[in-house]
Amino acid sequence: MDILIVGLNHKSAEIGERETVSKKLLTVELRQDYTYKLLDLKDENGRPFVKEVVVLTTCNRSEFIMNLSSCAQGKGGHIIKNYIAKYFFGDAAEENIFYMYLNEDAVRHLFSVASSLDSMVIGEPQILGQLKEAYNEACKFKSSGRFINKLFHKAFNCAKTVRTETRISASPVSVSYAAVELSKKIFNSLEEKKVLLLGAGEMGKLTIKHFIKYGVQNIYIANRTKENADKFVEESFAAAEREYLKVMDFSEYYKLLPQSDIVLCSTGSEDYVLKYADILPVIKIRKQRPLFLIDISMPRNIDPEINKIPNVYLFDIDDIGKMIEGNIEIRKQEADAAKEFVETAVKEFMNWKESLNVVPVIISLRKKVKDILEIELSGYIGDKKEKDLVINSLTNKILHEPTMLIKKASANPEGANSIETLKALFNLDSEDLTGTDKRGEDENVGKYIKLIK
Amino acid sequence: MLKELYLIPVAIYIFSYIPLLFKKEKKMYKLFLSLIYTGFAVQTLIFFIFLSVKGLTVPVHIDRFVFFNAWILMFIVVLFGLFYKAEYILLYITPLVALNLLVGFFVPHIHIKPDILNTDRTILLTHIVLILIGDSFFALAFIVSLIYIFQERKIKSKKNLKILDINSGRGYNLELLDSINYQCLKIGFPFITLGIVMGIYLSGSLFRTFIIVKPIEIMSLITWLIYAVLLHERVAKGLRGKRAAIFSVAGFLLILFSLSFSFYLFPSFHGFE
């Protein structure tokens, strides 16, 4: 039971290369198709290399998380990696585009990805949702089993711990998000607030989208050319978002200033659009209700002196930029603390995985004891049902302590000797340990996973 | 003997700050809140024990009223914290409550006017209770205003602006802080006004004149005037924000000054023996 992760991300591959891979995994059907291709990958004796697989694709990474069968031990990982590289890039595939992690490294990598430590923007919250989506897809494709289930649940758990125990995603690192977060520092609820956007630019679009996401329902857009504003709304926002947007004539925006709580300025003007003298009467009409001004234009469109007016809060692109820089630093510091949580989770998972290696020994030992009891008791108990009951009960009682000891031994490297001694004592040969067919093995594994827990 | 009971909630309140010294912030904050609520439950229990044992009547030791003040303050803060989802106020107000309890423990045995008529006793009791309730609202307004001034300064200066502080729910925003301040003023002001009116009546009844010019009375009237102006400005002219917060802070500092002045330094100024 080996875990293998093959993939590429923003660190290992250029955007063009990432695009090539993600295009071939764009739809659910394509991902399903490729999942089955991986499951069908076989060695020269016709044994499948991969038992379980999850395909993860995001804008920055594409990864294949796999549980390998015993025949893939050794060179199997490289064969799979080459197969994947060849599938996406043909013969021109470059070796170092794809990375490959095996077992403990793979677990560590997956847990780091889930905890958003491996993301382009550390602490970004989307990756966990994308990972959950990938796992759900694998469940639908029936390409995930007990092992992958356990691995992913542990990864989700680890991500949750990192998120709750550290402040890795506490502070915003994008201008639009920072603008919304700043508004939440000034206003209690954004739902009934009015937002006025002056100008129609990319940054304005992103910020407005964020405001809509956080419940703002009254947004007015004023642009010098009204047609451009109409086009901007039509092209940049979905139908559901457009319900909250109203385009107005630029010459009339000042009439709306006293009613606006948040003013977002991103025009291409070379002079100040909002001057000190414009805002002073506005705040009086507003009866000192706070006014939040965000100037994301360059050169600045709002007179910085306005910040001196009581209950008016002005932030320009530089202020927000400085804040974001500080937040990125905080996230980096938090990432160090988060790595400790990841390490603990990796250790726990690897202990659990190691304990699974002794499952065949336990199965074999139980079989041996049962066989002996069967022979010895058949002369005394005639009823089969009663006999099975007695045999099971005695087996459990006899083997309870040894099973616990085997489990403990599996957790440390020196335990291998004890297990070898046990095998020799009870004459548990290798045939006994590997001879079970796949279905039988799976059933037994399930049974003993419970026992080991 | 019952006075020693005051120290139990004080100990719990002090102990509740210990978890905040540890690194795991969110969990520790929850533990802190649980401990504070436990302290408040104990405080409530003691309050009802007092009520059942002796009742809140005159004559009574002044410490009983200090204890009542601590309880009603905590009660108001807990209610506001839960209603506005701003439990973080507890973080700042609990030291004030604990201090109040300690004052109750160490306060000298001053009896409040034992030799007055029965009707006057009821009025005196109502006067004290109303003033204490009003003061508690103003104490909350004071703390909230301090937080407001601090937060506002941070936002205006754009320095050290870590957007999400620990324990900051949606409550750490200027609008909510200002709103709590206003609510406290609106509710606290009628209590204080009624309390002062009763005080003036008692003054007339006890000293045969309606207004005896004593420092406490002048200060009470100045305090009342500050809050009256603040309320008027808020209602009529829409005063809010930093200026309103400064008014609240000034008003409460004057209350603190006049209370300590009258009770602890010069009890005779308030008509005590």
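**View 1. Chain A as a whole, with its 18 helices and 10 strands.** Helices here are DSSP runs of H or I with at least four residues, strands are E runs of at least two, and both are numbered from the N terminus. This is a predicted model, in which local features need pLDDT of at least 70 and side-chain atom pairs count only at pLDDT 80 or more, while totals for chains, interfaces and linings use all residues. Residues are numbered from 1 along each chain as its sequence is written, chains are lettered from A and ligands numbered from 1 in the order written, and side-chain values use heavy atoms, with hydrogens and water left out. Of the 453 residues in chain A, 51% count as buried (under 20% relative accessible area; exposed is over 50%, partly exposed in between; 1.4 Å probe, protein chains only). The accessible surface of chain A comes to about 22500 Å², with 52% of that on carbon and sulfur atoms (Shrake-Rupley method, 1.4 Å probe; for residues, only the protein chains shown count as cover).

**View 2. Strand β1 of chain A, residues 2–9, mostly covered.** Go along the strand and you'll find 8 of its 8 residues buried. In a regular strand, side chains alternate between the two faces of the sheet. On one side of β1(A) sit A:Asp2, A:Leu4, A:Val6 and A:Leu8, on the other A:Ile3, A:Ile5, A:Gly7 and A:Asn9, and all are buried.

**View 3. The strand partners of β1(A), namely β3(A) and β4(A).** Strands pair if DSSP finds at least two bridges between them. β1(A) runs antiparallel to β3(A), residues 61–68, with 8 bridges joining them; look for A:Leu8 opposite A:Ser62. With β4(A), residues 99–102, the pairing is again antiparallel and has 4 bridges. There, A:Gly7 has A:Tyr99 as its bridge partner.

**View 4. A nonpolar surface patch on chain B.** B:Phe15, B:Ile18, B:Leu21 and B:Phe22 make up the patch, with about 450 Å² of accessible area together. Patch residues have over 30% relative accessible area and no salt bridge; nonpolar side chains (Val, Leu, Ile, Met, Phe, Trp, Tyr) are joined within 5 Å, like charges within 9 Å. B:Phe22 lies in the loop between α1 (7–16) and α2 (25–53) of chain B, and counts as exposed because its relative accessibility is 52%.

**View 5. Where chain B meets chain A.** Each chain puts 31 residues into the contact (heavy atoms within 4.5 Å). One of the 2 salt bridges between the chains links the side chains of B:Glu175 and A:Lys193, at 3.1 Å from N to O (cut-off: a Lys or Arg side-chain nitrogen within 4 Å of an Asp or Glu carboxyl oxygen).
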